[in-house]
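Please walk through the structure below, moving from its helices to its sheet and its nonpolar cores.

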Amino acid sequence: GHDDVAAFLANALDPPSAGAVQSALLTLIEVGALSLPEAAAKPQEASRSQGKPIAATSQAGPFAQLTPLGHHLSKLPVDPHVGKMLIYGCIFGCLDPILTIAATCAYKTPFAGSFGSRAQVDAARLKLAGPSPRSDLILAAAAFALWEAGQAERGGSEKVCREYSLSEPTLRQLRDLRRQFSDLLGTMGFIPRKPSFQGNRGGSAMPQVEEKGYWDANSKSEEVVCAVACAGLYPNLMQAEGQTGQVSWFNLKERNVAVHPSSILRNRKDFQPGALLAFHTKVATSRTYLMDATEVSANAALLFGGAISIDHAAARVTLDSWLTLSVPARTAVLIRELRKELKGLLAKKITDPRGLDIGLAGAPLVKAAVALLRDYEKAS
């Protein structure tokens, strides 16, 4: 292997720029695919807390090392954010909606421009999302499930597309991506596969994964789905400031950010200062807007985010040296231990990729993590 990635790539016939390599390494560090030794990590965290760009290497030589998560991501030919979402979707038992969410992030949202009345479409989507919607991405997953169910009757899928202003070509592409992702996860041993090679409705012929199991045990839990979505979207995270019902969003890089007018979250009036939104992309016009946003809890951010700092004396918990969270120090300590257990589980999967039953081996970890996520929601 080659420890110094930048030096290795510099010998290519058409080498990438040093800035491109630096940016790619930084992305892998932020996703958790690469890690820095403590001596290198401390100055990086100091730079992050001051809003300065952090470096993946230094003049002294390469720092970053492949993590257990990075090992598995290296076998997934997808964006590392999407790959992380898929792996954690398996482990935390919410794979079905996460397959659609990951496909949406990899391709695009299934929602199209209005075919009819904008008010009617908004009302239909709001009904689908529920009285207190939490995620544009979960809404996309719900719409996909309705479209797929509609295919059982003649004209059913077209009716769903009209009612919710959905693009059927996009939905078909999302379906194909879901199948590709499932096949990749089956090949890696994260989910079992059926022994047959039956051709499926889309015309593809591949070993199909089993339809139900531990990987879908928590697919109906919004808390868990939002948390796993956050795992893939991180570090795209913002915190609310202002007054309840009139908040704007900020992070280290910018302030006064708003939810995009097309978001199902745009009319939420109950966001309080300190609330968190993970997002897929941003657009800048007269103001910066968040696209494909998902509300996440502080416990979810701690479980799937960056470096945790606990100040017991001040009873303060900080994530990545800038995000102060309303979480008891005791809970933060427990979450930090759960993160170690998760890393250990992924390391075991490296040594026994086909034999280790991730559902059985990870059951105690998942049970504890899910309890923390749900307890936070009940306390909120």
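The paragraphs below take these parts in turn.

This is a predicted model, in which local features need pLDDT of at least 70 and side-chain atom pairs count only at pLDDT 80 or more, while totals for chains, interfaces and linings use all residues. Residues are numbered from 1 along each chain as its sequence is written, and side-chain values use heavy atoms, with hydrogens and water left out.

Helices (H or I, at least four residues) and strands (E, at least two) are DSSP runs, numbered from the N terminus. Helix H7 covers residues 118–129, and its end C-alpha atoms lie 16 Å apart, in agreement with the 16 Å that its 12 residues should span at 1.5 Å a residue. That expected span is 1.5 Å times one less than the number of residues. Val121, Ala124, Arg125 and Ala129 of H7 are buried, where buried means under 20% relative accessible area, exposed over 50%, and partly exposed in between (1.4 Å probe, protein chains only). Seen down the axis of H7, the buried residues fall within an arc of 135 degrees, so they line one face of the helix; the arc is that of the directions from the helix axis to the C-beta atoms. They pack against helix H8 (136–150) and helix H9 (156–164), with contact meaning heavy atoms within 4.5 Å. On the other side of H7, Ala119, Gln120 and Lys127 are exposed. Just after the helix, glycine 130 takes a positive phi of about 100 degrees.

Helix H11 is mostly covered, with 10 of its 12 residues buried. Cysteine 226 lies in this helix and has a relative accessible area of 1%. Not counting residues up to four places away in sequence, cysteine 226 touches Arg134, Ser135, Ile138, Thr294, Glu295 and Val296.

Strands S8 (residues 276–284) and S9 (residues 288–296) pair in the antiparallel sense over eight bridges; two strands pair if DSSP finds at least two bridges between them. The open sheet has five strands in the order S6-S5-S8-S9-S7, with mixed pairing. S6 (246–250) and S7 (258–259) stand at the edges, each with a single partner strand, so one side of each has no neighbour in the sheet.

A nonpolar core is a set of buried Ala, Val, Leu, Ile, Met, Phe, Trp, Tyr and Cys residues joined through side-chain atoms within 4.5 Å. The largest has 102 residues, and Tyr88 is one of those with the most contacts inside it. Apart from this core lies another, of six residues, including Val21 and Ile29.
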